[in-house]
Amino acid sequence: YDQHPDDKNKCVKNMTHPCNSGVNDCHPTLGACEPLVGQNRYKCHCVGGATGNGIQCALPVVTAPPTPAPPTCETKNCDAISSECITTGSGDPICKCKSGFFAPSGVGGTCVDADECLQPSNNCT
């Protein structure tokens, strides 16, 4: 039995409650109906991680982390004295050694001063 809606001292036989019948204002998929004392009284609340007042519920928006920007000559930080930044055919920047410098570890490595007297085609005496 439920309390009579008009007379708190009277009871009425249980009627189909809005929470049990599904005829309520709660969000159809993200809301839950909670019966309250009294005929046809209820409150709604959101479930499943949703937020809102129970009538209007929404799941939080999940966004992917931003894609890092591709490297550029500005971000490559080539040594301005011994190298220069060039963009390859694939768009990736590399540091290319200037004349008089070489990269002991190969292309794109740290450039060091070349000792021209140690080169096979030197004019050193």
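Trainee: Which strand does Ser83 lie in?

Mentor: Ser83 lies in strand β7, residues 83-87. Helices (H or I, at least four residues) and strands (E, at least two) are DSSP runs, numbered from the N terminus. Keep in mind that this is a predicted model, where local features need pLDDT of at least 70 and side-chain atom pairs count only at pLDDT 80 or more, while totals for chains, interfaces and linings use all residues. Residues are numbered from 1 along each chain as its sequence is written, and side-chain values use heavy atoms, with hydrogens and water left out.

Trainee: OK, is Ser83 buried or exposed?

Mentor: Buried, because its relative accessibility is 5%. The cut-offs are under 20% relative accessible area for buried, over 50% for exposed and partly exposed in between (1.4 Å probe, protein chains only).

Trainee: What does the side chain of Ser83 reach?

Mentor: The backbone oxygen of Asp79, at 2.8 Å.

Trainee: And which residues does Ser83 touch?

Mentor: Leaving out residues up to four places away in sequence, Ser83 touches Cys78, Cys95, Lys96, Cys97, Lys98 and Cys111. Contact here means heavy atoms within 4.5 Å.

Trainee: Lots of cysteines there. How many disulfides does the structure hold?

Mentor: It holds 6, a disulfide being a pair of cysteine sulfur atoms within 2.5 Å. Two of Ser83's contacts, Cys78 and Cys95, form one of them, with sulfur atoms 1.9 Å apart. The torsion about that S-S bond is about -90°, so the Cys78 and Cys95 disulfide is left-handed. Cys78 lies in the loop between α2 and β7 and Cys95 in strand β8 (residues 93-97), so the pair ties together parts 17 residues apart in sequence.

Trainee: Where do Cys26 and Cys44 sit?

Mentor: Those two form a disulfide as well, sulfur atoms 2.0 Å apart. Cys26 is in the loop between α1 (18-21) and β3 (31-35), Cys44 in strand β4 (residues 42-46), so this link ties together parts 18 residues apart in sequence. Cys26 counts as buried at 9% relative accessibility, and Cys44 does at 14%.

Trainee: Switching topic: what's up with phi of Asn77?

Mentor: Phi of Asn77 is near 60°, a positive value in a residue other than glycine. Asn77 is in the loop between α2 (73-76) and β7, and it counts as exposed because its relative accessibility is 64%.

Trainee: Last one, zooming out: how many helices and strands are in the chain?

Mentor: 2 helices and 10 strands, in the order β-β-α-β-β-β-β-α-β-β-β-β along the sequence. Of the chain's 125 residues, 20% count as buried.

Terms used:
Polar contact = N/O pair within 3.5 Å; in protein donor to acceptor, adjacent residues only side chain to side chain.
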